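Here is a briefing on nonpolar cores and helix packing. Look over the sequence and the model, then read on.

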Amino acid sequence: MTEKRILLLKPRGFCAGVVRAIDVVKIALETFGAPIYVRKEIVHNRFVVNELAEKGAIFVDDIDDVPEGMRVIYSAHGVSPEVREHSAKRGLKVIDATCPLVTKVHVEAVKFAQQGYSLVLIGHRDHDEIEGTLGEAPDATQVVSNVAEVAALEVPDPSRVAYLTQTTLSLDEARDIIHALKEKFPQIVGPHSQDICYATENRQVAVKNVAHMADLVLVVGSTNSSNSNRLVEVSQNLSTRSYLIENSASIDPSWLDGVNTVALTAGASAPEVLVEDVVKYLQQIGFANVEEVEVMPENVRFGLPPEIVQAIAAAPASVSN
């Protein structure tokens, strides 16, 4: 009998943008006290959202659900200018936890639109991030989600077209769509550096490097997490069975029949405690050997938004008064 083992992929789990967003909510609660309102899920993970809700965060789908004059945090996925304007009109105290890499895409959208380009935004229409980016230049922007949709694109001037991408796409998926766009619009331009974020790329590369060594790949993450779903797709495209799981309770024991090696990773919004939960479950059913496989180092950190930095600086003075 081959010894059953777990290949624990690294990097996995929280990225810098997610760490920053969660810290923003926690610090806001500690500094200002509950309740703190958060527009949409701060990150796409139910465990994280429930944990913050227990601490006093109130998650709302719409800015109108926040009482006038209250404090609201924008999620890591960003918001449209329309949401910002509506918040200002209602006198809300805004803390912006948008991931800096998402903000980069917003800035690019504004720049291209101001230069007279028709914009093609590659991504998933129902994702919060796409909603926010689309809002920067709605009249100039069209969203495409796959290669087939590229053929139907029509623009005023085919020589003035630019593309941007959602930060959490599959690298292969984005590459194929960009290739199709370049064939249709030979003069198309793109961002100076790719929009797909470093953490999305790193986690996909890790799966690509290890999938061939495993009988099964398990990805810890929520069903509405784009980057987690992409990790499952990457493994399946390499012909290694893969499933997205919230936690150990999501595992169907039949998946493990005849399996000797499980590769385990986590999406960028999934906390390590859920990975540890899965490892413990697998160890209890015979996967005794745990081997961490580091594909690349990851040391990115993002600073906190100015609203939070200022609040921290002011907190000691307010306490002493």
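I42 touches A21, V25, V49, L52, F59, I73, Y74, S75, A76, H77 and A97, leaving aside residues up to four places away in sequence. Contact here means heavy atoms within 4.5 Å. This is a predicted model: local features need pLDDT of at least 70, side-chain atom pairs count only at pLDDT 80 or more, and totals for chains, interfaces and linings use all residues. Residues are numbered from 1 along each chain as its sequence is written, and side-chain values use heavy atoms, without hydrogens and water.

**Nonpolar cores**
- The largest nonpolar core has 26 residues, of which V25, I42, V43 and I73 touch the most other members.
- A core is a set of buried (under 20% relative accessible area, 1.4 Å probe, protein chains only) Ala, Val, Leu, Ile, Met, Phe, Trp, Tyr and Cys residues joined through side-chain atoms within 4.5 Å.
- At least two residues of this core come from each of α1 (16-32), β2 (36-39), α2 (46-55) and α8.
- Helices (H or I, at least four residues) and strands (E, at least two) are DSSP runs, numbered from the N terminus.
- α1 gives the most, with nine residues.
- A second, separate core of 20 residues includes V220, V262, V278 and F287.

**Helix pair α8 and α9**
- α8 (residues 198-210) and α9 (residues 226-237) pack at about 25 degrees, with axes 9 Å apart.
- That angle makes α8 roughly parallel to α9 (under 35 degrees between N-to-C directions).
- T200, R203, Q204, V207 and K208 of α8 meet N227, R230, L231, V234 and S235 of α9.
- By class, this contact has three nonpolar, four polar and three charged residues.

Conventions
Axes are lines fitted to C-alpha atoms, for helices over the stretch in contact, and angles run from 0 to 180 degrees between N-to-C directions. Angles under 35 degrees count as roughly parallel, over 145 as roughly antiparallel, 65 to 115 as roughly perpendicular and the rest as oblique. Ala, Val, Leu, Ile, Met, Phe, Trp, Tyr, Cys and Pro count as nonpolar, Asp, Glu, Lys and Arg as charged, and the others, Gly among them, as polar. Buried means under 20% relative accessible area, exposed over 50%, partly exposed in between (1.4 Å probe, protein chains only).
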